[in-house]
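Thanks for making time this morning. I'll go through one structure, and you can follow along on the screen.

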Amino acid sequence: MNRIYLDNAATTPLSPEVLKAMMPFLMGHYGNASSIHDTGRDARRAIDEARKQVAGFIGAKPNEVYFTSGGTESDNWALKGVAYANRNKGNHIITSAIEHPAVLETAKWLETQGFGVTYLPAGANGILSLEDVEKAITNRTILISIMAANNEIGTLQPVAAIGALARAHKIPFHTDAVQAAGAIRIDVNAWQADLLSLSGHKFHGPKGMGVLYVRSGTRMMPLLHGGAQERNRRAGTENVAGIVGLGQAAQNAGMFIEENAEKITRLRNRLIDGILSTISHVRLNGDRGSRLPNNANLSFRYIEGEALLLHLDLNGIAASSGSACASGSLEPSHVLLSIGLDAEDAHSSLRFTLSEATTEDEINTVLALLPGIVDKLRAMSPLAS
Ligand SMILES: *Cc1c(COP(=O)(O)O)cnc(C)c1O
């Protein structure tokens with residue numbers, strides 16, 4: 001069976017070009033980048049090159065790029081690092097209620113450590129209001145952390161405006177740009193971001209590899225203590241192959257953003273319009289216009305998203321109900337509840353996330369199958385009668 005992969009927000013396949021760039025550093029070039037000899041210097045050079053590739057991808061300087069073990073570590077480090085470095089100035093953090101758990105759970109933990117956190121709600125369209133952010137600022141605020149693009153409903157936040165606001169108040173601004181990377185152009189200066197998180201596996205790089213951008217001059221505590229790697233800020237022998245892969249993935253992702261976005265948006269709109277016009281009692285979650293090109297999140301009234309997901313899977317189609325991180329739990333999505341869905345509609349949601357490899361045929365296959373599956377499940381549903 002030909003599999004149709006529409007779960008690119010959960011992870012993306014490693015690109016063959018990225019694998020090819022990584023291979024030498026898993027075998028022949030095994031040096032430790034801290035070693036002075038030739039084998040070590042090979043590794044060092046490769047890391048320096050990858051740092052430049054990532055810097056180019058986000059408009060940063062290479063020495064502002066720190067390699068981490070993934071988006072989760074980057075988010076943890078950004079919040080904890082800035083919070084602890086600024087304890088003498090204040091203890092208040094502003095974030096949103098629709099952040100990824102890597103930010104939300106870190107913020108909740110910081111609350112147990114004496115910090116106070118404001119979780120701003122997103123509107124019904126899944127977008128924060130700038131006015132709410134401004135109103136939440138106090139003279140004790142030491143960090144604003146707002147994601148660039150939401151992983152469940154794909155909505156884009158006004159990060160450049162939030163960055164400008166934070167800058168005007170001299171408050172460090174962090175943005176989780178994990179879902180934005182490769183989909184929309186990231187520019188740390190246009191966004192006035194002081195910290196920005198990336199994850200390699202969300203743009204065809206390796207899993208277990210991330211980046212935290214830290215603007216020079218930003219006060220930060222290390223999360224990991226040990227050796228002097230990453231300019232004394234992130235200890236541990238570098239994952240050279242992973243870093244090389246992430247660098248290559250960043251360079252590739254930066255090349256075709258606009259072209260891909262146009263193609264993916266067209267197919268995504270075909271999917272959304274097709275579903276809305278052939279199936280009744282469906283709603284699109286998140287703003288129609290201000291959303292990632294590849295995201296379609298819909299609620300199918302009277303049925304469980306999980307059931308829909310399993311039936312699609314039987315037909316070779318991979319989608320997601322809620323987010324991969326939240327599935328396995330029966331808790332309805334905190335994002336969908338936050339934008340005003342009731343628990344029933346939140347449970348009936350399904351997320352399709354496309355990629356540049358998605359074809360029109362694949363979208364047509366989904367559109368041909370879905371109405372029948374929905375009818376069948378609704379016929380069995382006690383909620384529908
Ligand atoms: C996937 C994801 C993360 C976590 O990244 P990992 O590399 O998987 O740890 C963080 N934030 C967002 C928005 C994500 O989509």
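This is a predicted model: local features need pLDDT of at least 70, side-chain atom pairs count only at pLDDT 80 or more; totals for chains, interfaces and linings use all residues.

Start with His204, in the loop that runs between strand E7, residues 195–199, and strand E8, residues 210–214. The phi angle of His204 is near 70°, which is a positive value in a residue that is not glycine. Is His204 buried or exposed? Its relative accessibility is 17%, and since buried means under 20%, His204 counts as buried.

There is another residue of this kind to look at. Lys170 has phi near 55°, again positive and again in a residue other than glycine. You'll find Lys170 in the loop between helix H6, residues 159–168, and strand E6, residues 173–176. Here the relative accessibility is 75%, so Lys170 counts as exposed.

One more loop residue, then helices. Leu224 sits in the loop between E8 and H7. With a relative accessible area of 37%, Leu224 is partly exposed. What does Leu224 contact, once its neighbours within four places in sequence are left aside? The partners are Glu73, Arg233, Arg234 and Ala235. Also, the C-alpha atoms of Leu224 and Trp77 are 8.9 Å apart, while 147 residues separate the two in sequence.

Now salt bridges. How many does the structure hold? The count is 18. I'll take a few of them in turn.

Arg44 and Glu238 form a salt bridge through their side chains, at 3.4 Å from N to O. Arg44 belongs to helix H2, residues 38–58, and Glu238 to the loop between helix H7, 229–232, and helix H8, 240–255, so this pair ties together parts that are 194 residues apart in sequence. As for accessibility, Arg44 is partly exposed, at 27% relative accessible area, and Glu238 is buried, at 10%.

The side chains of Glu230 and Arg51 meet at 2.8 Å, N to O. Glu230 is in helix H7 and Arg51 in helix H2, so to speak distant parts of the chain, 179 residues apart. What are the accessibilities of this pair? Glu230 is buried, with a relative accessible area of 6%, and Arg51 is buried as well, with 8%.Next, Asp342 and Arg301, whose side chains form a salt bridge at 3.6 Å, N to O. Asp342 lies in the loop between helix H11, residues 334–338, and helix H12, residues 343–347, whereas Arg301 lies in the loop between strand E10, residues 295–300, and H10; the two are 41 residues apart. Asp342 is partly exposed, with a relative accessible area of 37%. Arg301, at 27% relative accessibility, counts as partly exposed.

To finish with charges, there is a network: salt bridges link Arg167, Asp194 and Arg215.

The crossing of H2 past H8 is left-handed. Which residues make the contact? On the H2 side they are Ala43, Ala46, Ile47, Ala50, Gln53, Val54 and Phe57. On the H8 side they include Val240, Ile243, Val244, Leu246 and Gly247. By class, the contact of H2 with H8 has twelve nonpolar residues, five polar and no charged.

The other pair is helix H10, residues 305–314, with helix H13, residues 360–380. These pack at an angle of about 135°, and their axes are 10 Å apart. That angle makes H10 oblique to H13. H10 passes H13 in a right-handed crossing. From H10, the residues in contact are Ala307, Leu308, His311 and Leu312. They meet Leu370, Ile373, Val374, Lys376 and Leu377 of H13. The contact of H10 with H13 divides into seven nonpolar residues, one polar and one charged.

That's what I have. I'm happy to take questions.

Conventions. Residues are numbered from 1 along each chain as its sequence is written. Side-chain values use heavy atoms; hydrogens and water are left out. Axes are lines fitted to C-alpha atoms, for helices over the stretch in contact, and angles run from 0 to 180 degrees between N-to-C directions. Helices (H or I, at least four residues) and strands (E, at least two) are DSSP runs, numbered from the N terminus. Angles under 35 degrees count as roughly parallel, over 145 as roughly antiparallel, 65 to 115 as roughly perpendicular and the rest as oblique. A crossing is left-handed if the near helix is turned anticlockwise from the far one by less than a right angle, and right-handed if clockwise. Contact means heavy atoms within 4.5 Å. Ala, Val, Leu, Ile, Met, Phe, Trp, Tyr, Cys and Pro count as nonpolar, Asp, Glu, Lys and Arg as charged, and the others, Gly among them, as polar. A salt bridge is a side-chain nitrogen of Lys or Arg within 4 Å of a carboxyl oxygen of Asp or Glu. Buried means under 20% relative accessible area, exposed over 50%, partly exposed in between (1.4 Å probe, protein chains only).
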